[in-house]
Amino acid sequence: MPRHSAGLLLYRGAGAAVEVLIVHPGGPFWARKDDGAWSIPKGEYTGDEDPWAAARREFAEEVGVPAPDGARLDLGSVTQAGGKVVTVFAVAGDLDVQAAYSNTFELEWPPRSGTMREFPEVDRVEWFAVEQARVKLLAGQRPFLDRLLAHSGR
């Protein structure tokens, strides 16, 4: 059985001026990675959970504020290279990234040191124009940008 994730892509603007809100994963593995490392705020859910509810929950956990209300666009699903099926919804809205904060996770760091450290699940939340987001996002999530633009009439 493949694992499933659901995400919420917040966007603002229209046409050539569309911007999207994406997140940079926290922790030591991602600390020096930038282009191709960012993600749509998302997380795993079980087969009996509604993907829309999971996307809203994961947005709140990773960004630190409730997912905005508004009409949702269903951007469908993609299967990433590792086999995970990612379903994404888009909602028009705005968010002050200065208010963003993430939940945390514990990891033994450095490896085999016996020392547990706490890291933010997300260490940066930023707005990017779609073309710049295309460079920043993980390759497997880039098709969602094209789907969003198709919905926004660009």
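1. Pro110 sits in the loop joining strand 6 (104-108) to strand 7 (116-120); strands here are DSSP runs of E with at least two residues, helices are runs of H or I with at least four, and both are numbered from the N terminus. The bond to look at is the peptide from Trp109 to Pro110, which is cis with omega near -5°.

2. A note on provenance: this is a predicted model, where local features need pLDDT of at least 70, side-chain atom pairs count only at pLDDT 80 or more, and totals for chains, interfaces and linings use all residues. Residues are numbered from 1 along each chain as its sequence is written, and side-chain values use heavy atoms, with hydrogens and water left out.

3. Arg112 belongs to the loop between strand 6 and strand 7. Its phi is positive, about 60°, although Arg112 is not a glycine. Most residues other than glycine have a negative phi, and most peptide bonds are trans. Arg112 is exposed, with a relative accessible area of 77% (exposed is over 50%, buried under 20%, partly exposed in between; 1.4 Å probe, protein chains only).

4. Now the whole chain: three helices and eight strands, in the order β-β-β-α-β-β-β-β-β-α-α. Of the 154 residues, 40% are buried.

5. How does the radius of gyration agree with that of a compact globule? The chain has 15 Å, and a compact globule of 154 residues would have a value near 15 Å (C-alpha atoms; the rule is 2.2 Å times the number of residues to the power 0.38). The C-alpha trace spans about 55 × 35 × 30 Å along its principal axes.
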